[in-house]
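Please read these points alongside the coordinates.

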Amino acid sequence: LLQDFEIPKMMGEDLYDLSPEVREFLPLSCHLFVLVGGHRTGSNMHKDPKWSSAWNTLLCGRKRWVMFPPDVPAESIGAMAGDAYKDGGPPAYWWLDHYPHLAAKKLGMVDILQCPGDTIFVPSGWWHCTLNLPDTPEDVTIACTRNIFPAETLDFVFPQMKASDPAFAQAFLEILKQKRPELLRFLPAELLLVHPKPSVVGDDPSWRLERVPFSRLSLASCRRDYIRCGRPLIIEGLGPHLLSQESCHLSRDFLSRHFGEKMVAVFRNFREPKLRDAEDQMELMRLSEAIGALQRGGSEGLYLYDVSLPLKLPGLLEHVKLPRYFTHCYLQQTMRPHCFSKSWPTLFIGAKDSQARLHVDQWHSHFWMHLTSGRKRWSIWHPEDAHLLCPEVLPGKVFPRFPDLADLEAGKFGADFPKARRIDVELEEGETLFVPGGAPHLVVNLSDTVAFAGNFMDESNFEAAMHDIKDMVAKEGENGVMAGFQAALEEMVFDPTKSMHEEALPGSMMAV
């Protein structure tokens, strides 16, 4: 059939054909059809998936179409949201129950009778349903159809794509710039604006953050000038080297298709403290369910937080590489396995406005995060000023708990908090952040976000980390997992000069 199948010339443009990874977003195995239907069959009222348009050419029989503009509410025309229309019962019921009353409602209804040889074009986002009308009750209608993404619909489709799956939208935009730059004229100008980002954040010379392109940052200078000095850093430009092309920046669609059945722990109330319940609310759900909740909206406080890829989503490691700046980690150089051997990297997926509590990472570990989509606001305090944030170590614990930031800012815990050296910075998609060990921090998702991250230990924080680990062993006992962790580290002789390359390396060598 495919050998006899020709696409109408006026319908030949399909931007989902730009690259294999974009094509997989709307595979032709699901959206290139020959349709054969008997009397009273058809399709229930629906919108086509992935913001695609469609054409339909009728070969024999007749077909009745009814369409409505995209902004018409589903409930006003008897439609079901999403894919529910596929299980909505016989299509003929809609024509009996809803159609007779809709013409008078002035909702912009378009009513068409398609005859053999006619080609119908369905614009992106339009509601539509069909009823097959063969020439005789014993006959059938036959049609061929395909979903497409015409360039002329970019101005309508791309903003919706960016809202629903920002990571895929960014990957699509990068491919469009490379392969069809002349089509950028169809996009709203504000979506193409590049906002300048400060190269230095923070007024205090002793506590500020720098943005540095990886092309100007060697492994040695990163270790010597930032990690060993305990200076926070944002590295620019690593994104294309850390993720597979197939993953489309870890798009929601990719994660749902390949890992949607995996069960993950999802927090429901990671919100601003005054809106949060006293206890964290966690539940197990499929990854596809969590992502679906984000796409539907109304998911305030939803946070897939610090999920270990080696333990929970090992297949994703095929598509994720680590920034080489942080892979000299001592935790991965021990001879014997320990309780943190497979802890990192971890995955973070957060709804807009979700946030974790103000905290400091365990045993003075350093932290890095690569943001694949969205925006996060980080507030980071100098490790030496942690005491000004009024930490409290609960009985039996080693690591402190901090008051809510709003209470600290309101002066409820004394007047010393403003003296603490603080950096507030927005982390943008494609950037990689380094946070030194011992630095209290709080993160707010300014939009829906996807990121992966890791904690690490090296010569710069080894002594402080071992002090905390020994305290944990003293509280847990010699037979606990932390004792094994301590022993695995103490039997090693680590080389602090490992991977200290002075020259800046190409991006392909900075992701491992």
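The points below refer to a predicted model.

1. Helix 9 (residues 252–259) packs with helix 10 (residues 287–296) at an angle of about 155°, and their axes are 9 Å apart. Angles over 145 degrees count as roughly antiparallel, and the two helices are therefore roughly antiparallel to each other. The crossing of helix 9 past helix 10 is left-handed.

2. On the helix 9 side, the contact is made by R252, L255, S256 and F259; on the helix 10 side, by L287, S288, I291, L294 and Q295. Sorted by class, this contact has five nonpolar residues, three polar and one charged.

3. The model has 31 aromatic pairs. In one of them, F254 and F259, the ring centres are 6.0 Å apart and the planes stand at 70°, so the pair is edge-to-face. Both F254 and F259 are buried.

4. Y303 and F348 form another edge-to-face pair, with 6.4 Å from centre to centre and 65° between the planes. This pair links distant parts of the chain: Y303 lies in strand 14 (residues 303–308) and F348 in strand 15 (residues 346–350), 45 residues apart.

Key: Residues are numbered from 1 along each chain as its sequence is written. This is a predicted model: local features need pLDDT of at least 70, side-chain atom pairs count only at pLDDT 80 or more; totals for chains, interfaces and linings use all residues. Side-chain values use heavy atoms; hydrogens and water are left out. Axes are lines fitted to C-alpha atoms, for helices over the stretch in contact, and angles run from 0 to 180 degrees between N-to-C directions. Helices (H or I, at least four residues) and strands (E, at least two) are DSSP runs, numbered from the N terminus. Angles under 35 degrees count as roughly parallel, over 145 as roughly antiparallel, 65 to 115 as roughly perpendicular and the rest as oblique. A crossing is left-handed if the near helix is turned anticlockwise from the far one by less than a right angle, and right-handed if clockwise. Contact means heavy atoms within 4.5 Å. Ala, Val, Leu, Ile, Met, Phe, Trp, Tyr, Cys and Pro count as nonpolar, Asp, Glu, Lys and Arg as charged, and the others, Gly among them, as polar. Rings of Phe, Tyr and Trp (its six-membered ring) pair if their centres lie within 6.5 Å; planes under 30 degrees apart count as stacked, over 60 as edge-to-face and the rest as tilted. Buried means under 20% relative accessible area, exposed over 50%, partly exposed in between (1.4 Å probe, protein chains only).
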